[in-house]
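Student: Could we go through this model together, asking each time what stands behind the words?
Tutor: Gladly, let us take a look.

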Amino acid sequence: MASLDGKRGLIVGIANESSIAWACARAARAQGAQLAATWLNEKAQPHVAPLLDQLDITLRMPLDVTDDGQMATLFNAISAQWGGLDFLLHSIAFAPKADLQGRVTDSSRDGFALAMDISCHSFIRMARHAEPLMSAGGSLLTVSFLGGEAVIPHYGIMGPVKAALEASVRYLASELGPAGIRVNAISPGPIVTRAASGIAEFDALVTESTSRSPLKRPLAIDDVGPLCAFLASDGARAITGGIHFVDGGYNIIN
């Protein structure tokens with residue numbers, strides 16, 4: 001794997017030790033990256049801070065992506081302390097439970113808008129803040145799911161939202177490419193995380209994907225971390241605009 005020595009990265013989305021973002025943070029730190037990270041709110045801080053301690057992450061602060069002031073404060077702090085940024089991971093998603101577990105047909109206007117804002121447009125806002133800090137180029141990463149391109153039972157409005165996120169990756173890659181900024185999405189298969197617990201019958205989806213995928217084994221967050229670290233590295237310097245599956249090959253099975 002290409003080294004991240006000398007690279008500075010921001011990790012957004014660590015909620016606990018089962019978070020995909022946590023696996024990505026560990027993989028990036030193992031490759032020598034200096035990291036900044038966030039937690040959602042005061043309730044989340046006690047669960048996240050000890051993890052950040054393990055990786056010697058001192059540039060840390062709360063970030064509710066619906067709060068424009070908090071986002072500006074975060075990127076201002078990165079600019080003041082580091083003077084630049086080399087990579088960013090956006091690993092957050094949310095939809096109100098009623099909208100997530102109901103039919104897309106029945107989704108509420110407010111619920112759909114909130115899911116799109118937190119899960120998709122927040123990545124665009126982060127890209128806008130990161131752009132001036134990536135004067136020498138960089139890597140923007142987000143996390144998607146197969147439900148953005150195929151119908152996955154019980155995935156609800158997150159399917160259209162992830163489709164929008166993946167389209168945003170392509171447009172951002174086109175717009176930011178001339179500045180040397182690469183934009184990619186990682187699309188893991190079903191992994192048991194706190195975020196996934198809100199999806200109805202998720203355990204059945206994990207079982208089904210394991211039995212049907214070519215590799216025939218359950219997935220873990222540590223299957224995702226190394227890809228994140230690679231895409232952040234100079235080894236991926238010519239890779240942009242892609243949706244990169246980490247699902248044991250499940251995406252190729254109809």
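Tutor: Let us start with helix H2: what covers its buried residues includes helix H1 (20–30), strand E2 (34–39) and strand E3 (59–62), where contact means heavy atoms within 4.5 Å. Helices (H or I, at least four residues) and strands (E, at least two) are DSSP runs, numbered from the N terminus. Please keep in mind that this is a predicted model, in which local features need pLDDT of at least 70 and side-chain atom pairs count only at pLDDT 80 or more, while totals for chains, interfaces and linings use all residues. Residues are numbered from 1 along each chain as its sequence is written, and side-chain values use heavy atoms, with hydrogens and water left out.

Student: Which residues of H2 are buried?
Tutor: In H2 (residues 45–54), the buried ones are Val48, Ala49, Leu51 and Leu52; buried means under 20% relative accessible area, exposed over 50%, and partly exposed in between (1.4 Å probe, protein chains only).

Student: What puts them on the same side of H2?
Tutor: They cover an arc of only 165 degrees around the axis, so they share one side of H2. The arc is taken from the directions from the helix axis to the C-beta atoms. Pro46, His47 and Gln54, on the other side of H2, are exposed.

Student: Why is the pair of Phe145 and Tyr155 called tilted?
Tutor: The structure holds one aromatic pair. In this pair, Phe145 and Tyr155 are 4.9 Å apart centre to centre, with 55 degrees between the planes. Rings of Phe, Tyr and Trp (its six-membered ring) pair if their centres lie within 6.5 Å; planes under 30 degrees apart count as stacked, over 60 as edge-to-face and the rest as tilted, so the pair is a tilted one. Both residues lie in the loop between strand E5 (138–143) and helix H6 (158–176), so the pair ties together parts that are 10 residues apart in sequence. Phe145 and Tyr155 are both buried.

Student: How do you know that E5 is mostly covered?
Tutor: Six of its six residues are buried. Gly138, Leu140 and Thr142 point one way from E5, and Ser139, Leu141 and Val143 the other way.

Student: What makes E5 and strand E6 a pair?
Tutor: Two strands pair if DSSP finds at least two bridges between them. E5 and E6 (residues 181–188) have six bridges, in the parallel sense, so they qualify. One of these bridges has Ile186 in E6 as the partner of Val143.
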